[in-house]
Structures are given as structure tokens and as C-alpha cells.
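Student: I've got a model open and would like to talk it through. Can you take my questions one by one?

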Number of protein chains: 2
Amino acid sequence: MGKIILSLSMSLDGFVAGTNISPQLPMGENGMRLHDWIFGGKTNADVRIIEELMNDSGAVIIGRHTYDVAIDGGWSGSSPFPMPAIIISTTVPGKLVGGFRFMRGIEGALALAKEIAGEKNIWVMGGANTAQQFINAGLIDEMQINLAPILLGKGIKLFGNTDHLTEFERTRTIETPAATHIKYKVKRK
Amino acid sequence: MGKIILSLSMSLDGFVAGTNISPQLPMGENGMRLHDWIFGGKTNADVRIIEELMNDSGAVIIGRHTYDVAIDGGWSGSSPFPMPAIIISTTVPGKLVGGFRFMRGIEGALALAKEIAGEKNIWVMGGANTAQQFINAGLIDEMQINLAPILLGKGIKLFGNTDHLTEFERTRTIETPAATHIKYKVKRK
């Protein structure tokens, strides 16, 4: 079985999105600055990080709120992911987009992701609430923080509702102008 | 004139200390894990980072709360700093420890620090409240984050009351087992 990997872009003050998130502004005010390394400010090293994640992951898990604001309606009605995407949701939206499956709760999503991914990794994309649920349940094997060199000042905090000490071993750091990509392995007790 | 440098140890979830801070437990519960790179887990590279800060700084600025819980009463009645330390405080404590000066507000503290430091840098040590005041006032030139590979889960957040976008250029990253030391230069508009 592959690893369960959380990969998120975060500001130095811990935000994964700005304020006033909407389908028109999925990352919120100034939030796209966190994704400079994926878009405007990308270098070859940044591109390789995305490719690695895409190539090594057999399934991606996404929270319903993130799906609603960032994915549903965008991408011209098709999935932007090269692997099946599983949305954590208690309901299934009326309009279905190809490449997406809807599962109740993190356990259900994870069970389906394991079945689909096989030997490949499972990528937990977020948002913050989904990431926190996976961390609190002790389900993450690795975490990649793509740390943007900004203080966003306000927005959605990645961490804030994790409630216990989690220890990591840093396994890799890749520096690019728009991000410090730090990979961590969770230390199991 | 030297630079104004903020240097702080922070967990991945943005804490600079744990909960239940007291003179007996100045870093709070599990908080000493943030300073692993200074104490138990230090390597030569970590030591060089401390030496650089000590050698290059002509004055250090510290908030009154940090002074009360972490410095006053500890260190056998003498200052642990090789340079003059300026405490931001509206009152002067009854018992005076050598090496400390007490100034009202960040402006007063900074004016005295500049006078004392001359061509050397001014190190803003923290805590979180003092750091935030300096950031919000746009007074920081450089910031060094010593990022510990843990999620602390709860405690004192470094950032949370900074209220505007601040952009940095990353100027250096030094990796050690107990921390990722990232140095940033503030981008002026």
C-alpha cells in the first residue's frame, strides 16, 4: 500500500487561503499568492514537485467546501486531476462532474481511496478542515508544506484545531523563489 | 545602522510556546521542543546560528511577559545575553538585574536599542505580542524562523494579530535535524 500524503501551500502565518472565499475567488483575497509556485512564479523545480505528486498519487481526497468553491464550476466541467478524486461529503451534488466520487466522512473516503490507489500514494489535498481531521485521526504518513514567503495577515488557518503533539522527521527541503517545499515523515510512537 | 532582526522558534502550526506558561515552565507544556535545536538536539550548524545572532546583535529587545516568565529569576540573577537587553514595559520591576533597561513601548525601546547597538543589528527576541507589534509597525528588516518539525497542537501563536500582507524574500535556509532555519528579508513597497 502507498502512503497517505498531505500536501498544502501555507503562508508563514499559517494561512491556506485568504478571506472572502467564493467560486469567483476560490483562494480568497491575496490567497493566490500562496500558489505563486504553481502559477506565476513557478520554476522547473516547482513543476517537478507537482509532477511528482501527480505521478505518485493514485487517488486524491478533497473536502466538500474546497470542491464547491475551487473545483465544481471551474475547469470547464472536467476534473483537473489525472487521478480519481474523492470528495468528502454527506450529500451528492445534483450536477456530477466526471472523475469525482462522493463519500461520507474521512474513513469512507480513505477506504475508497485505498481501493482505487492500490500501490500508489493517496494525496490529501485539503482544505484546512479535511487536513485537520486526517491529522487528528493519526492517518497521515507524510506531509509536504509548500511555505510561501509571505505573512497573509488574515484568512483560513491550516492548523488551529489539531489538539495534540505530532512529531515529524524532515526528509527533504527544496527551495524555489516562491516557496520552501519541506517534506516531513510522521514519527509513529 | 544595523538591521532589525526578528528571530523566533516556531512549530509547524505556528506556536512559539505551549500552554500553562509560568516561571517554572517558561516555554509552557511541550514548549521546550521548539528549542531542541538550542539544547538537546543541537548540532554545530545550530550553534553557529546562535553565535551569529549573538555576535552580530548590539542590543536585544524583549517583551515584559517574556522577561517575567523566562528571564527574571532564571539565569542566577544575571543577564543571559552578551549584549544589553531592553525590556518593553510600562513599569520598572523592584528588583533590577544587571544588563537590562526598561523602556515604554516599541518606539522607545527601539530608539534606545539604536543608540546602544550603533552599527550592529538589533535583535527582536519576542514574545509573540512584541513580534506582532514590530511587524504591524513595519519595523522589521529581516526575520529568521527556526521551524521545529512538530505540530504542538496548542499554545501561544506567533502570528494571529498581524493584519496586513507582508512580503519577504528568502535569503537563506539551513537544515538541521531539530529545525529548518529560514531567513527572510522584508520586501519594502
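Student: What share of the 189 residues of chain A counts as buried?
Tutor: This is a predicted model, where local features need pLDDT of at least 70, side-chain atom pairs count only at pLDDT 80 or more, and totals for chains, interfaces and linings use all residues. Residues are numbered from 1 along each chain as its sequence is written, while chains are lettered from A and ligands numbered from 1 in the order in which they are written. Buried means 20 or more other C-beta atoms within 10 Å of a residue's own, exposed means 12 or fewer, and partly exposed is in between, with C-beta atoms placed from the backbone. For the 189 residues of chain A, the buried share is 46%.

Student: How confident is the predictor in chain A, as an average pLDDT?
Tutor: pLDDT is the predictor's confidence in each residue, from 0 to 100. For the complex, the predictor gives a pTM of 0.92 and an ipTM of 0.90. In chain A, 99% of the residues score at least 70, and the average pLDDT is 92.

Student: How many helices and strands does chain A have, and what is its radius of gyration?
Tutor: Helices (H or I, at least four residues) and strands (E, at least two) are DSSP runs numbered from the N terminus, and chain A has 4 helices and 11 strands. The globule rule, 2.2 Å times the number of residues to the power 0.38, goes with a radius of gyration taken over C-alpha atoms. For 189 residues that rule gives 16 Å, and chain A comes close to it, so it is as compact as a globular protein of that length: its radius of gyration is 16 Å.

Student: Which residues touch the most other members of the largest nonpolar core?
Tutor: A nonpolar core is a set of buried Ala, Val, Leu, Ile, Met, Phe, Trp, Tyr and Cys residues joined through C-beta atoms within 7 Å. Two residues are in contact if their C-beta atoms, placed from the backbone, lie within 7 Å. Leaving out residues up to four places away in sequence, A:Ile61 touches A:Ile86, A:Ile88, A:Ala109, A:Ala113, A:Ile122, A:Val124, A:Met125 and A:Thr130. Of the 106 residues in the largest core, those touching the most other members are A:Ile61, A:Ile122, A:Val124, B:Ile61, B:Ile122 and B:Val124.

Student: Which element supplies the largest share of the side of chain B that touches chain A?
Tutor: 27 residues of chain B contact 27 residues of chain A, and β8 (150-151), β10 (166-176) and β11 (179-186) of chain B each supply at least two residues of that side of chain B. As 100% of the interface residues of chain B are also interface residues in chain A, the copies meet through the same surface. The largest share on the chain B side is 7 residues, and it comes from β10(B).

Student: Is A:Lys183 buried or partly exposed?
Tutor: A:Lys183 sits in strand β11 (residues 179-186) of chain A. Beyond its neighbours within four places in sequence, A:Lys183 contacts A:Glu142, A:Gln144, A:Thr171 and A:Arg172. With 19 C-beta neighbours inside 10 Å, A:Lys183 counts as partly exposed.

Student: Where is the cis peptide bond in chain A that has omega of about 0 degrees?
Tutor: Look at the loop between β6 (121-126) and α4 of chain A, where A:Gly127 is placed. In chain B, the peptide bond from B:Gly126 to B:Gly127 is cis too, with omega near 5 degrees. In chain A the cis bond joins A:Gly126 and A:Gly127.

Student: What is phi of A:Asn30?
Tutor: A:Asn30 lies in the loop between β2 (15-17) and α1 (44-56) of chain A. With 20 C-beta neighbours inside 10 Å, A:Asn30 counts as buried. Its phi is positive in a residue other than glycine, near 65 degrees.
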